[in-house]
Amino acid sequence: MKRNAIEKLIGWKQGGYRKPLFLSGIRGCGKTYLAMDFAKSFFEGILYLNFEQKNAKSEALLSGLSKFHTLDAMTAYIYRLFDVPPEYRRNFLVVLDEVCDEKVLWNFLLAVAEEPDDSCVLVISSRMPALSGAINHITLYPLTFDEFLVAAGQEWYSEVIKGHFQTRHRIPGIVHEELVDRFDDYLCTGGMPAAVNEYLCFEATDNLPELHQGYLGHVLYDIRKHHEEGEALKMRQVLEVLPAQLAKENQKFQYRLIRKGATGALYEDAISALCQEHFICLCRKQGKEAMFKIFPADIGFLYALSSRGIYDKTENRVFRRQLLDCYVMQTLAACGYQAKFWESPSQARIDFLIDQNGCQIPIEVKTAENARSKSVGVYRAEHEIPYSIKISYHNFDFSDGVRTIPYYAIFCL
């Protein structure tokens, strides 16, 4: 499965100097696959060490870390330890997987992360605390719809979407309907690679609910493994109430839905940990960061948390809205946006705001045929904006300062 993030990895390799690259993302989103695909395509040799799977040589590396003060010194030791031939060393990649729990190694890598050197080291971790802005860091997300099309061997659809997004011209009706159908296929699977692969290999959805539940099981296992019992309980409670939170007309996260007397102070650390481990995405309120909406990191998690089967066009309206909102947030995050939402004192609401060229562009998500809304007018009266975006099942359009974008084209933003 070709991932868009491969271009960032290539840019890192081709840079004038290199610093270690940190690659994070939720477990199962394809980090290791991406790293190995990158290594095989652009390096003469690769050394892969997974620190969840201990062996004598990884232990030897950990025990020798105290001797090193630079990344070059560590990689020179690795070359000797693993008998890497000298002719490969000029174009050699060291991949260190799931390192966050190895505190000595993690602290060493952070200490040398801002210093340029001649070594190529790629650091992978599902759990990634906040990093300095000077550190090379890429977050990998579940597959976006264009990546889903590429995986299905339909990359030309992706190119058609990109072209019409740029020109703002409508896609021919028959192609538009085909893309809507493909998008509904994506809504069945979500973006986790194993679910996408299952669907594409068998062209059937029978096993998808089991796969979605399996992913959720891995998430809950990781929570139990890496956190104390009390903190793990709070993290599970936050996840369990997400369907009920997102089903409300006002989707702001409300602690009282967890239990009576719950407060932000009690659950702040749990929510922060879920964010650091990429289980959830936060959409904060513009001008009031303490208020936020929480979305699962992938559509499949929403299915599993809701104990629902695959998407059906006849699905009830409330769950359909949850699913589409989750998809929009998931895609905006993958595109690099820190989306926010907006509310007025008069209860006008904008679903998402994104920063484009210094302007906060309002995005409304529409599920009904009647896609008119007064909220954008209220927002426009208070803020100077070049245009607003309306996301729906309708074809491309631009009129009266409103840009209509089909669901299947959000990855172009």
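## A guided tour of the predicted model

Start by selecting Asp222, which lies in helix 10 (residues 208-226). Helices (H or I, at least four residues) and strands (E, at least two) are DSSP runs, numbered from the N terminus. This is a predicted model: local features need pLDDT of at least 70, side-chain atom pairs count only at pLDDT 80 or more, and totals for chains, interfaces and linings use all residues. Residues are numbered from 1 along each chain as its sequence is written, and side-chain values use heavy atoms, with hydrogens and water left out.

**Stop 1: around Asp222**

Is Asp222 buried or exposed? Asp222 is buried, with a relative accessible area of 6%. Buried means under 20% relative accessible area, exposed over 50%, and partly exposed in between (1.4 Å probe, protein chains only). Now show the residues that Asp222 touches: Arg27, His227 and Phe279, not counting residues up to four places away in sequence. Contact means heavy atoms within 4.5 Å.

**Stop 2: helix 14**

Select residues 299-306, which are helix 14. Eight of its eight residues are buried. Among them are Phe301, Leu302 and Tyr303. What do they pack against? The partners of these buried residues are helix 8 (173-189), helix 10, helix 11 (229-240), helix 12 (242-247), strand 7 and helix 15.

**Stop 3**

Next, find the open sheet of five strands, in the order 2-3-4-1-5. Its pairing is parallel. Two strands pair if DSSP finds at least two bridges between them. Strands of a sheet pair through backbone hydrogen bonds, either parallel or antiparallel.

Which strands stand at the edges? They are strand 2 (45-50) and strand 5; each has a single partner strand, so one side of each is left without a neighbour in the sheet. The twist averages 20° from one strand to the next. Axes are lines fitted to C-alpha atoms, for helices over the stretch in contact, and angles run from 0 to 180 degrees between N-to-C directions.

Now pick strand 4 (residues 120-125), which pairs with strand 3 (residues 92-97) over five parallel bridges. Leu96 stands opposite Val123, and Val95 stands opposite Leu122. Strand 1 also runs parallel to strand 4, joined by four bridges. There, Leu21 has Leu122 as its bridge partner. Both faces of strand 4 are covered: Cys120, Leu122 and Ile124 are buried on one side, and Val121, Val123 and Ser125 on the other.

**Stop 4: the largest pocket**

Select Thr139, Tyr141, Ala333, Tyr337 and Gln338, which lie nearest the centre of the largest pocket among its 45 lining residues. A pocket is an open set of points on a 1 Å grid over the protein atoms alone, with protein on both sides within 12 Å along at least five of seven lines; lining residues have an atom within 4 Å of a point. Which helix gives the most to this lining? Helix 13 does, with six residues.

**Stop 5: strand 13**

Finish at strand 13 (residues 402-406), where four of the five residues are buried, so the strand is largely enclosed by the rest of the structure. Strand 11 (residues 388-392) pairs with strand 13 in the parallel sense over five bridges. Ser392 stands opposite Pro406 there. Strand 12 (residues 397-399) pairs with strand 13 in the antiparallel sense, over three bridges. The bridge partner of Phe398 is Arg403. Last, click on Asp400 in the hairpin of strands 12 and 13: this residue takes a positive phi near 55°.

Key
1 Å grid on protein atoms, 1.4 Å probe; cavity = no way out; pocket = protein on both sides within 12 Å on 5 of 7 lines; lining within 4 Å.
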